Amino acid sequence: MELTLNHYLVLSTILFAIGLIGVMRRKNLLMLFFATEILLNAVNIGFAAISHYRGDYTGQMFAFFIIAIAASEVAVGLGLLIVWYKRTGKIDLDQMTSMRG
Amino acid sequence: MQEHILSILIFFPALAAMLGFVVHKDSARAYGITVAAIEFFLSLWLWHLYDPMTSGMQFMEMAPLIPVFGINYLVGIDGISLFIIILATFFTLIGIASLTETRRVKDMIITLLFLEMTMIGVFAALDAIVFYVFWELSLVPMLYIIGAWGGPLRIYASVKFFLYTFTGSLVMLVGMLFMAYFYYQATGQWSFSLLEWYRLILPVNFQMWLFAAFFLGFAIKVPMFPFHTWLPYAHGQAPTIGSVILAAILLKMGTYAFVRFSLPLFPDASVAFMFPIAILAVIMIVYAAMVAYAQEDIKQVVAYSSVSHMGVIILGIFALNVEGISGSVFLMIGHGVVSGALFLLVGVLYDRRHTKLISEFGGIASVMPRYATIFGIMMMASVGLPLTINFVGEFLSLLGFYKQSHAYTLVAGTAIIVGAIYMLSAYKKVFFGTVTKEENKNLKDVNRTELLGLIPLVIVAIWLGVYPKPVLEPINNSVEAIVQLMHDKAQTPEAQKRIPNLAETGTMNSAQEAH
Amino acid sequence: MFEAVAFYLFATLTIIMFTITVMTSQALYALTAMAAGMIFISAFFFILGADFLGAIQIIVYTGAVMALYAFGMMFFDTTRTLVEKRSNPRLVVVLGGLAAVLVVLIVLAPIVTTNINAHYPIDPSVGNSQAIGMVLFTKYLVPFELAAVMLLVAMIAGIVLAGKKMDKSLTLMADEEIALMHASSTQNTEEGAH
Amino acid sequence: MEIYLYIALFAPLVGSLFAGLFGASPKTVITGIVTSGLLFTSFISSAILLSFVMSGHTVHVEMMTWMAAGDLYIPFGFVVDQVSVTMMMVVSIVSTVVHIYSIGYMDHDKGFNRFFSYLSAFVFSMMVLVMSDNFLGLFIGWEGVGLCSWLLIGFWYHKESATWAANEAFIMNRIADLAMLIGIFMMYWSLGSLQYDVVFANIGNIPVEVVTWIGIFLFIGAMGKSAQFPLHTWLADAMEGPTPVSALIHAATMVTAGVYLVVRANPIYDLIPEVGLFIASLGAFVAMFAATMALVNRDMKRIIAYSTLSQLGYMFVAAGLGAYWVALFHLMAHAFFKALLFLGAGNVMHAMHDELDPFKMGGLKKSMKWTWILMTLASVALAGIYPLAGFFSKDLILEVAFVEQHYILYTVLLLTAGLTAFYSFRLVALIFHGNERHLEHGIHPHEAYNFVLFAMAPLGILAVIAGMAFKTPYYEMVTQLLPAIEYHIHNHTVFWIMTIGTQLFVILAIAYAYKKYAKAVKVDEKVESGFFYQLLYNQYFIPKIYDEVFSKPYLKLSKLAWKEIDLKIVDATVDGIANVIYRTGEKTHTMQDGNLSSMLRWMVIGLVVLLVLAVAFTAGYNVVNLRAM
């Protein structure tokens, strides 16, 4: 049984779906960040796999940059989260309704 | 200066409008009149410089805007656009000179001057994008005029006017982009220049789709049945000057665009859509005339009469022969003069009584004899009496379409009957009989300011009815070029049959020169 | 064969770990499960021969990011059970599943696998890290530098937002408070000058 | 000669503009005098042209280009030939007389200046109509006279009935004008020109069906202007206008334009005898039809109007049967005596303070001797008694019908001649003989101004001598252009029997009219309530039918079109579309509740939708491609 690109892509998709479920399910902002990390990682697997099976480094490059972006996102995101927490004492999504249209 | 006269014509009013902000509001009127007069004389000078025997574009100017996509500031005029431009400057002058509005006159004049720029821009543009930009820009001042100076329902009317026409022109924009893309595929270069587009011969099924896209934009502007309902509201709510400009110039953009875009770009589609459009035109003519007959508001009568007359113009354009198209273009001028004058006249009455209901009047002829006379002359012109400006256009339009279809022309010809019915009955109700209302007994006859606007219109209406040659001849020459172009481009046998070949019969210009 | 076994093993583990991350109501569990999941993911990278990426994955995610989250959690005091109001949980699962199925469908469709040419073909004679370096510092130099700057900016932002004065925050204080604070600090410096 | 042509044509226009300048100012006799003088000039020029034409020449000028587009070329061109010069003479004589007459008639009217402006404008239009050298030029005049007719019928615009009649006349004429335009279109596209000479030269080269249609459409145009059935109702209603107008426009000139058109287009009608026969039959029908309505009417002017209608029928019979010169001759003779009759009626009206019912008059011959003489003269001429004008022209038409062997037409026309005599003298008898019934109403009649009577005199003389004196020279002149067919009954016995028989029949009718109405008027209740009397009195109920069948439904349909279709369907659809969009926005704005979690959920839903679309598109694309392969 040979591993193909599709195996990795399916795995990536499954992980992505788990991330999506997390994104929709979580109301705690910190947990929401976790879910987004899962999304990013799922995509990384896909890129790395494509890079491998296509014999092209571009995919890895993308994964690399995604990791960089994820890191900065965490830094800024957590900072904002802390500010918000200091302001309201809560990090519950349902209570962040200042963007009501 | 001569080679830049078109740019001067286009941008002078806009610059003057900018300057107008710093003019004191007491002298705004004088300023407006001066600017409009200079502009009008510039346009007359343009006519003087224009060579009537040349059929192509003249006074062309080009400046690159986005060269990568072939978008250029490209302007030029031929006999078709020349007179509509003169009409636009003429009406702006008359509109400002006989302005009776007292609220925020300065804003009004600035708006009008800005509107003048957009109008001239539309008729002079030879680049589709430039055309589109001016086309859409013209909505803004009109929206403002209706929305700021209009009647009680002005917001509804102006929003309807704007959204309706805007929707149509968006579809038109898609058509333009596709046309440019097609040009790119065919030649490997981007171009939005109309003159370049003219050289393309499109496959017939493409023509159909593009024609439909352009049609929607133009038809709403004209406005053709069943897209006409914004017009009565716009006219009903607009101040006098707004109605005048709207009826005299803005509606002509639609019909002008048919001649400039639809016919030469899509000759086969024009032939294929000829009869469906003729049906719409005939419905417009008869139906709008009937609706006009039922109106209780005198301004609405004139508004619906516009729709009816625009039907004749459309019919003439889709006659696809020189007689019909020339007649249509001439009728655009004629209808502009006449309906503009009629709206001015209705405004005179409105200024005095602040009502437009027919039932409020009666016997006005004995109180305001001069007014009744001028109204009578303009009404007869509207009805299409020979030796008035409208007859020439109407006759040629119908004559042209008769070649294509006898039955449609017969039905469309009822325009002269139904037109007489609603106009005469409205005239009778307003002017004839005895004065029944106390308020009407002491109405003042037209004053000097109003005469200043009306007399020139009367003169033009009769002059061009008796001697249309100076206008008709350049129009005719330009139209001949278009018809010949259409014939050369036609692919389907039906189209080749329907569009006359002027080169073959050798009739170009010969008719006049023989005499 | 070895690869297949490893793939399935790690795939199962990753899915389990991430499911726990998403589903648990204990924040600490979630954090731990995610950290584990990240490490397992790096396993895939090693399987795929992207050694450098795997190393980065472990360092950045499991090291830096997880440490950050841990700090955050300590700050928020979320060791206790999370109380989250849920509405319509079935829809969430259905949507997630549907998205997955659709993406799989698209991935499996033949159209993706055609028309792709390698711009930077993998050269087996060179080591992975070396090769990455070659590509990264030639073609992707500018994005790389940008990423570096971005990281720097993010770091500064994180510090400014959450950092120095944990008890006071410029972003949260009313204008007059800031003015007051500002005034007192200038006063201090002036006193120092005397 | 061209200068005379221009004078004859433009003198009335100058007069009209001159009077128009004073339009809004109070009455000045000068306008009347100047316009009359200019018309007299026009008459003199016409007379000079007549003598020139008599010598066998024609004048043809082209003033300037009017319309030129594509192949179409239409100049302002004018031609003075045998036919148009006849018309010019008729028009200028009658209009000069009517102008002078009007100075007296409109003496007390506020709109004196306006009236002369309109009247001269009418004469100008009429001149354009008859002198033009192409069909579109004729159409200018055609519409121009229509306009002036509208202005003049509605001259007293404060009267509802007058303005209504004006509009009716204009609109009804427009219906016919449409047909005429169609005829012109047809002519242009089949012959490429609208010039008379070109059209007539080439008319034989085109398919006969096309010629037939051209003929029919032109004739429909003529029917409107000449008030032939079924477009006749406007003429009687047009009597609302001032009486000089009725005399000039609705008796002598404008209504005969239709006849002129048929005569002018004789090369066309020669090719299509079936249409000609139809014209003749319709003419005969109208002659009879109008005469019957005149029998019982109680409005002096309407009686004369119906009589005009009837005589127009005669003219169309002649024209339809190809006797163009006879038609034109009757046109001329009729213009003289009918204008005279109307002017006389105007005098009576003035004397009677605008009373129109002859049953309220009587015995006026004492106070209005000259009017009586002139009107009797005109009536005798109308009845066709030897040796007055009517005998030569009208009886000639009878002969034409006989010679052409259309005996039914002949019989109808003969009967109509009797009716004509009867109603004419019924009118004369009622007005001028018997008791002075008007005294009961406190009216004391007086004779008109002397200069008015003098002005009428030429018409009186012409009514007497026109037939006898002009027939031969007219025939010789006009047959240079029109087909020269002599209508003679070769059998002398038949000829004499017919002539004398007709004369006796007519005289009998006159005698009966005198007997019945000259002494005392007995109103026979039984007759008046009878079906036929009511039918005739109500003009065969045709105005009512038109009102019910056309006017009212049209108004209803118009209201329906506006209130139901335009507002409730067309506009509502547009607003509906806008409302759908607006309501969608209203409904969906709850999506933006500010809750990030639900926004994320929407985002995922959007993603799913896009993915579905992508899959569906790819699948569809593949299916199509596979099929193509």
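1. The radius of gyration used here is taken over C-alpha atoms, and the globule rule with which it is compared is 2.2 Å times the number of residues to the power 0.38. The model is predicted, and in it chain A has a radius of gyration of 17 Å, whereas a compact globule of 101 residues would have one near 13 Å. The C-alpha trace of chain A spans about 55 × 25 × 25 Å along its principal axes.

2. Chain A has three helices and zero strands, and its pattern along the sequence reads α-α-α. Of its 101 residues, 58% are buried. When contacts in chain A between residues at least 6 apart in sequence are taken, 50% of them join residues at least 24 apart.

3. Four pairs of chains touch, and the pair with the most contacts is that of chains A and C. In this pair, 72 residues of chain C are in contact with 62 residues of chain A. On the side of chain C that touches chain A, the elements giving two or more residues are α1, α2, α3, α4, α5 and α6 of chain C, and the largest share, twelve residues, comes from α4(C). By residue type, this side of chain C divides into 55 nonpolar, 13 polar and four charged residues.

4. Which chains does chain B not contact? No contact joins chain B to chain A, and their closest C-alpha atoms lie 24 Å apart; nor does any contact join chain B and chain C, for which the corresponding separation is 23 Å.

5. The largest nonpolar core holds 440 residues, of which Ala339(D), Leu413(D) and Ala463(D) touch the most other members. Helix α15 of chain D, residues 324–351, gives the most to this core, with 20 residues. Leaving aside neighbours within four places in sequence, Leu413(D) is in contact with Ala284(D), Ala287(D), Tyr314(D), Val317(D), Ile397(D), Leu398(D) and Ala401(D). Another core, of 76 residues, lies apart from the largest one and includes Phe64(A), Met17(C), Met66(C) and Leu161(C).

6. Why does the end-to-end distance of helix α14(D) agree with expectation? At 1.5 Å a residue, the 21 residues of this helix, 300–320, should span 30 Å, and its end C-alpha atoms are 30 Å apart, so the two values agree. The helix is mostly covered, with 21 of its 21 residues buried, and α14(D) is followed by Gly322(D), whose phi is positive, near 90°.

7. Chain D also contains a hairpin formed by β1(D) and β2(D), with two residues between the strands, and Gly70(D) in the turn has a positive phi of about 60°.

8. Apart from neighbours within four places in sequence, Gly76(B) is in contact with Met57(B), Gln58(B), Phe59(B), Met60(B), Ala124(B) and Leu126(B). The C-alpha atoms of Gly76(B) and Gly56(B), which are 20 residues apart along the chain, are separated by 9.4 Å.

Key:
Residues numbered from 1 in each chain as written. Chains lettered and ligands numbered in written order. Predicted model: local features only at pLDDT ≥ 70, side-chain atom pairs only at ≥ 80, totals over all residues. Helix = DSSP H or I, 4+ residues; strand = E, 2+ residues; numbered from the N terminus. Expected span 1.5 Å × (residues − 1). Buried ≥ 20, exposed ≤ 12 C-beta atoms within 10 Å, placed from the backbone. Contact = placed C-beta atoms within 7 Å. Nonpolar A, V, L, I, M, F, W, Y, C, P; charged D, E, K, R; others polar. Core = buried A, V, L, I, M, F, W, Y, C linked by C-beta atoms within 7 Å. Pairing = 2+ DSSP bridges.
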